[in-house]
Every structure is written in C-alpha cells, then in structure tokens.
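This briefing is for a reader new to the structure.

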Amino acid sequence: MTDLTKIKASRRDILAATAGAAAASLLSGGLTTAKAQGVEQPAGLPADGKRRLGDLEVSSIGLGCMPMTGTYYGPVSSRDDMIKVIRDAAAAGVTFFDTAEAYGPFTNEELLGDALASVRNEVVIATKFGFVRNAESRQGTRLDSRPEHIRQVVEAMLKRLKTDRIDLLYQHRVDPQVPIEDVAGTVKELIGEGKVLHFGLSEPGPKTIARAHAVQPVAAIQNEYSLLWRGPEAEILPLCEKLGIGFVPWSPVGMGFLAGAFTSEARFDKTDYRAGCPRFSPEALKNNMAMVTLVREWARRKNCTPAQISLAWLLALKPWIVPIPGTTKTAHMAENIKASGVTFASDELEEFNSAIGRIQIVGERGPAGVLAISGVEAPPRT
Ligand SMILES: NC(=O)c1ccc[n+]([C@@H]2O[C@H](COP(=O)([O-])OP(=O)(O)OC[C@H]3O[C@@H](n4cnc5c(N)ncnc54)[C@H](OP(=O)(O)O)[C@@H]3O)[C@@H](O)[C@H]2O)c1
C-alpha cells in the first residue's frame, strides 16, 4: 500500500465530515457522485478531475493553505488539525497545494512540508517568494526579487517544505527595482538545476507577464478573481489565453463572503485581513450582499451550496482556470471540491453572467497598501 493509498482509505471518513442535511441534499442533487459513477468510493475529486496550467497537471480545484497559520482570517484550532485538513484534501484527490514564504511568515510552508512529506511525489506544491517579512512583527516590510535573494530563499523553502524541488514557484509581487528578465532568468537557472519545475507570477502587470514569458515560459498567473472581483477579465485572462498560461484565482470564494460565511452585520477584528478591505465595510456589505443573494438563489436552483456555485462558475469559464479555495476545515474542503461536479449549461452560464453583470460591487478589494503593489510593471533592463 502506498502512502497515498493509505490516506485515500480515509476518504470515507472525510466525506462523512460533510454528513448532515446539506450533504444529503448535495448528494441527491446534480453533482457527480461515486454512486452515480457506479464505484464504491465516496466522491471526492474524480480521478480524471485534472487541469493544466501550462505544462503542469493539477487537480481541477486546489487547496489554499494561507488561512491555516492564523494570520489572515483569525486563529485556527490547532496545527495538528490543519495537518489533518491538508492530508484529508490529498486523500480526497486534491493534488495542488498553495502556500508562500510570507504566510506566517515561514510557518505555513513548514506546515505544508510536514503534512505532505509522506505523499510528496503524488502532489504539486506551489509557493511564492518576493516579500521580506519580519517573523517577529509579522508585518510585510518590503519586496525583494533580486536574483541572489531568490536563490537564498529557494534553499530555505526547500528545507521548510521538506523537498528537493518546488513544483511551481511564483514571484509573489513584482519588485519595482528588479527587471522581470532578471527574475525569470534566475528561475530559469533554478529550473535547469532541478530545484524548481515551473514558474508563475502573482498580480503582475500585463507587460511584465509577456516579458517574463519570453525568458522562461510562465505556467500560471495567480491573481484575485471571483464573483466579487472580476478585474482579470479586462486584460489578464485574454493574455493568458493568448500565451497558453494557466490562471489560478486566489480568494475564489471572496474570503468567505461568497460562501455565505458572514452577513451584512459582520464586523471583523482588527487583526483580521478583511477588516482592512473597504468592500467589507458595514456600508459596502449592505450593498454587496446582493451578490450573495444571487449566489444563494442559484445554489437552491442547482441543489448545491453558495461556495460551490462560486467555484463552479470559475471552472466553467475556461478549462485552464484552477481555483484554490482556502479553508481550515475538512468539511469546507470536501464541500468545495465537489464544485467540480456542478456544471452550467451554456444558456445557464449566459443567464448567470448577465445577472452578475447587473450587480455593482462597491468598495476597494483590499487595503490601499496592498493595491499599490498589485498590477505593477517591472522596470526595464538597462
Ligand atoms: N497570491 C496572492 O497574493 C494571494 C493572496 C491571497 C490568497 N492567496 C492564496 O489563495 C488561497 C485562497 O484565498 P483565500 O484563502 O484568501 O480566500 P477564499 O478561498 O476566497 O476564502 C477563504 C475563507 O473562506 C472560508 N470558506 C472557504 N470555503 C468555505 C465554505 N465552503 N463554506 C464556508 N466558508 C468557507 C474560509 O473559512 P473556513 O476556514 O472556516 O473554511 C476562509 O475564511 C489562499 O489560501 C492562498 O493560498 C494568494
């Protein structure tokens, strides 16, 4: 028995975590269930539920691990519980795990390394460099994508992740001091050395994507994209399509909002990242709840959950889009991956798209300081 087979044997337990009225209604609905396929295992992600980001094959839905070290959306139950959620995801067929040096900082990579060590060869680990954060103050301090810094942090990442290679290495944000050709060239060398397998960029400017891709093919762009923030539709998604680059939406369930995780009365603790997002201010929430109402209506109509509608919409748009919902709970992970069984007929997608187009989301998506370092173009090489 391989390690993955062993943890797959726990699939039944994982799916049992979704037991209850919601799960019962899901399994009786239009989703792809193991029963419907005539196999014994409960449905997680189907074995053929794979997508490609450039040349990299991943499960059609990944797992965002950022909330698991407690620095974004409030405290988590325990480290052991988070390890279990990650292993449960692997057992359910998730092969794509997302972390970053900046999450924690460092502790999120360590968590993922510990959780996945026994199934390392069966999964794809994505991480990101480029922020220099102080482990004590936990504050984002500055950007650094100088080649020597990238090389140094990759060595440290490999140790924390307990691996000899990073499957997908993203630049977390464009460094306005470093030409992207130098960044892509360094990652290309690391690929040549076998320490990195694929290259990605997060929230870059469009010209920077094309320049990077000319030096080292980019497998994936990771930007925020959801029913709550559709910015990438203007330039980035068409560019990805043109260049054959995959797209990984972060915050695909709107930081919990689109899953119906909070109401318009929600008030966030100042340590919660969402407290600094204008779109979640009391006034904006009142307006923006219209999107949750619409998603709830469609969830009822398609006999699934709001989180599943939000994820299924992303999956329906392009076959090279792979959302990475973040969660600290096995039940939510199991619910989210079942979105791969929710499909939109073309007339439904048209109807849904025109309904979301009538809703105006108000309030910026994040704090000004974060927005200022998004969509930035790297300086030219002189
Ligand atoms: N590249 C970047 O700059 C960047 C930025 C942000 C995030 N990311 C990556 O993208 C991943 C996903 O983004 P995200 O975690 O910010 O946001 P998200 O996936 O949109 O939402 C995560 C939040 O939604 C809740 N949630 C998830 N599924 C749920 C469900 N089925 N029902 C109810 N609540 C649910 C989670 O709470 P529970 O824990 O209670 O489930 C968590 O608070 C991150 O984990 C990270 O890996 C990248």
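**Helix H10**

Helix H10 covers residues 282-301, and at 1.5 Å a residue its 20 residues should span 28 Å. The C-alpha atoms at its ends are 29 Å apart, which agrees with that expectation. The model described here is predicted.

- H10 has a kink of about 35°, and the kink is centred on Asn288.
- Asn288 is also one of the buried residues of H10, together with Leu285, Met291, Val292, Val295, Trp298 and Ala299.
- An α-helix has 3.6 residues a turn, so residues three or four places apart point the same way.
- Helix H11 (306-317) and helix H13 (346-357) are what the buried residues of H10 pack against.
- Just after H10, Asn303 has a positive phi of about 55°.

**Around the ligand**

- The ligand is surrounded by 28 residues, and the closest are Gly64, Met66, Gly256, Gly326 and Thr327.
- Helix H12 (residues 330-337) contributes three residues to this shell, the most of any contributor.
- Sorted by class, the shell holds 13 nonpolar, eleven polar and four charged residues.

**Asp144**

- Asp144 sits in the loop between strand S7 (140-143) and helix H6 (147-160).
- Asp144 has 17 other C-beta atoms within 10 Å, so it counts as partly exposed; a buried residue would need 20 or more, and an exposed one 12 or fewer.
- Leaving aside residues up to four places away in sequence, Asp144 touches Gly130, Val132, His149 and Asp175.
- Phe129 is 15 residues from Asp144 in sequence, and their C-alpha atoms are 8.3 Å apart in space.

Notes:
Residues are numbered from 1 along each chain as its sequence is written. This is a predicted model: local features need pLDDT of at least 70, side-chain atom pairs count only at pLDDT 80 or more; totals for chains, interfaces and linings use all residues. A residue is near a molecule or strand if its C-beta atom, placed from the backbone, lies within 6 Å of it. Helices (H or I, at least four residues) and strands (E, at least two) are DSSP runs, numbered from the N terminus. Ala, Val, Leu, Ile, Met, Phe, Trp, Tyr, Cys and Pro count as nonpolar, Asp, Glu, Lys and Arg as charged, and the others, Gly among them, as polar. The expected span of a helix is 1.5 Å times one less than its number of residues. The bend at a residue is the angle between axes fitted to the seven residues ending there and the seven starting there. Two residues are in contact if their C-beta atoms, placed from the backbone, lie within 7 Å.
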